[in-house]
Structure formats: structure tokens, C-alpha cells
Amino acid sequence: MRFPTRLLAANLLFAALLWASYLVVVALITLGISVFNEVSGSVWEPAGQLPRWYVLFTGVTLVREYLPMYIAHGQTRRQFGGQAAITIALFAPCVAALMTAGYLLENGLHALAGWPQGLNRPHLFASTSQAALIFTEYTIEYLVWAAAGALIGAGFYRWQGGGLLTIPVGVALVLVAAGATGTELRIPIATRLFGFDVDLPPGLPVTLGVGLGVFLLGLALTWPIIRDVPLRNQQG
């Protein structure tokens with residue numbers, strides 16, 4: 001198998017293992033809440049905050065770790081850039097499918113226990129049974145978070161400390177994507193710090209158009225950084 005197949009398969013296997021473990025943890029937390037309090041809605045919903053950061057880290061790792069590895073083994077930067085984009089484009093919907101499955105499994109648990117399954121924050125979907133809309137929201141979200149991670153990873157790889165300048169750009173990308181999906185994005189301090197409050201009109205065409213546009217913009221901003229980046233000694 002050649003890149004991106006091998007890299008994609010490795011990341012998806014790791015993501016599936018993490019998802020299974022995380023699902024068990026969230027189920028145990030739900031049961032714990034039921035013992036000491038009343039389960040008033042979805043627990044998987046707030047748990048969905050953490051996978052965003054995992055997807056972001058995957059984007060960072062894709063550039064910082066794998067770009068020098070594959071270039072050192074004969075790939076051009078252009079080849080790597082195209083294949084990395086394919087990897088993100090396939091990885092994001094697969095992780096979104098895992099998140100969607102988590103909601104559906106939680107629905108079953110709540111139905112068996114007689115607990116309500118409500119949402120506490122705005123979403124593209126209005127019910128945890130709307131699998132297609134859940135999948136769409138998380139796909140758009142993860143595409144942008146992974147692209148933002150690749151941008152930030154490229155900035156730090158090329159400029160080291162100067163890569164800090166890419167962080168506000170990455171934050172802007174994910175905030176626009178959050179506005180496109182109608183979600184309430186919780187990045188501590190960041191929203192207030194950058195004074196960024198996106199309120200886009202609702203609708204699936206807007207979500208898809210803006211979300212995919214922001215994803216492509218993130219890739220377009222990453223490419224000029226890596227297209228002639230010199231290989232650095234990772235030991236130094």
C-alpha cells in the first residue's frame with residue numbers, strides 16, 4: 001500500500017480504537033450521572049468537544065511528522081500536498097460517521113433506560129436521530145479543523161516560533177465553519193480574544209458552500225508554506 005492509503009488506514013484504525021474507548025467512557029459517565037442526578041439529555045453532545053482537538057492534532061501531525069518523512073523517501077512536496085489533502089478529505093467524514101454512530105447508540109441506551117435525549121446547544125440538526133444532518137455537521141467541522149491543524153503544523157514546521165502567527169488564522173477558519181453549521185463553538189478565551197462572532201443564515205446549502213469553501217481555503221493557505229519548505233533536522 002502506498003501513501004495516502006497506508007497513512008489513512010493507520011489514522012482510521014487509531015480513530016476507531018479511540019472512539020470505542022471514548023464511547024465506553026461516556027456511557028460510564030452517563031450511568032454515573034443517573035446514579036447521583038437525573039440524565040436530562042445527551043451526554044455524547046458535550047463529549048463531542050474533545051474529538052475536534054483530536055482531528056486538529058491529526059492535521060498538525062500530518063505536516064509536522066509525515067511531510068519530512070515522505071519527502072525524505074522520494075516524494076515531492078506537490079505530491080505530498082495533494083495526497084495529504086486527500087487524506088484529510090477522507091479522514092474527516094469517517095470520524096464524522098463515528099460521531100454519528102455514537103449519537104445513535106446513545107439513543108438506544110437512553111430509550112432502554114427511559115431517559116430523554118435532548119440537545120443543549122445549537123446545531124445543524126434538531127434531533128439526535130437526524131443521522132444525515134449530524135454526519136453533515138461533523139464532516140464540515142472536521143474538514144476545517146483538520147485543515148486548520150495542517151496550516152498550523154506547517155507554520156510551526158517552517159518558522160518554528162513564527163508559526164504562532166498561523167494560530168489566529170486557524171481559529172478564524174474554525175469559527176467561520178461553526179457559523180456555517182449553526183453551532184456554538186467553545187474555544188476558551190479565543191472567541192472573545194479575537195472578537196469573532198459569526199452568525200450566518202441557516203440552511204444546508206449555506207452550510208455546505210461555506211464549510212467546503214473554508215476547508216479549501218485552509219488547504220490553499222497551507223500550500224504556499226510547504227511547497228518549498230526545507231527539511232529540518234528534527235534533532236536540532
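Reader: Which pattern does the protein follow when read along the sequence?

Author: Read from one end to the other, the protein follows the pattern α-α-α-α-α-α-α-α. The model, which is predicted, has eight helices and zero strands.

Reader: How should the confidence of the prediction be read, and what does the protein average in pLDDT?

Author: Where pLDDT is low, the predicted coordinates should not be read in detail. Here the protein averages a pLDDT of 87, and 88% of the residues score at least 70. Over residues 186-201, however, the pLDDT is below 50. That stretch has 23 contacts in the model beyond near neighbours in sequence.

Reader: Which residues have the most contacts inside the largest nonpolar core?

Author: The general idea is that in soluble globular proteins, nonpolar side chains tend to be buried together. In this model, the largest nonpolar core has 48 residues, and those with the most contacts inside it are Val55, Leu67, Ile88, Tyr138 and Tyr142. Among the elements that give two or more residues to this core are helix 1 (5-36), helix 3 (49-72), helix 4 (77-113) and helix 8 (204-226). Helix 5 gives the most, with 13 residues. As for the protein as a whole, 44% of its 236 residues count as buried.

Reader: With which residues is Val55 in contact, leaving aside its neighbours within four places in sequence?

Author: Val55 is then in contact with Phe91, Val95, Tyr142, Trp145 and Ala146. Across the protein, among contacts between residues at least 6 apart in sequence, 76% join residues at least 24 apart.

Reader: Is Thr58 buried or exposed?

Author: Thr58 is found in helix 3. Its relative accessible area is 13%, and buried means under 20%, so Thr58 counts as buried. Leaving aside neighbours within four places in sequence, Thr58 is in contact with Asn11 and Phe91.

Reader: How is the packing of two helices described, and at what angle do helix 5 and helix 6 pack?

Author: Two packed helices are described by the angle between their axes and the distance between the axes. Helix 5 and helix 6 pack at an angle of about 175°, and their axes are 9 Å apart. An angle over 145 degrees counts as roughly antiparallel, and therefore these two helices are roughly antiparallel to each other.

Reader: Which residues make this contact?

Author: Helix 5 contributes residues including Ile140, Val144, Ala148 and Leu151, while those of helix 6 include Ile167, Gly170, Leu173 and Ala177. The residues of the contact divide into 13 nonpolar, four polar and one charged.

Definitions and conventions
Residues are numbered from 1 along each chain as its sequence is written. This is a predicted model: local features need pLDDT of at least 70, side-chain atom pairs count only at pLDDT 80 or more; totals for chains, interfaces and linings use all residues. Side-chain values use heavy atoms; hydrogens and water are left out. A nonpolar core is a set of buried Ala, Val, Leu, Ile, Met, Phe, Trp, Tyr and Cys residues joined through side-chain atoms within 4.5 Å. Buried means under 20% relative accessible area, exposed over 50%, partly exposed in between (1.4 Å probe, protein chains only). Helices (H or I, at least four residues) and strands (E, at least two) are DSSP runs, numbered from the N terminus. Contact means heavy atoms within 4.5 Å. Axes are lines fitted to C-alpha atoms, for helices over the stretch in contact, and angles run from 0 to 180 degrees between N-to-C directions. Angles under 35 degrees count as roughly parallel, over 145 as roughly antiparallel, 65 to 115 as roughly perpendicular and the rest as oblique. Ala, Val, Leu, Ile, Met, Phe, Trp, Tyr, Cys and Pro count as nonpolar, Asp, Glu, Lys and Arg as charged, and the others, Gly among them, as polar. pLDDT is the predictor's confidence in each residue, from 0 to 100.
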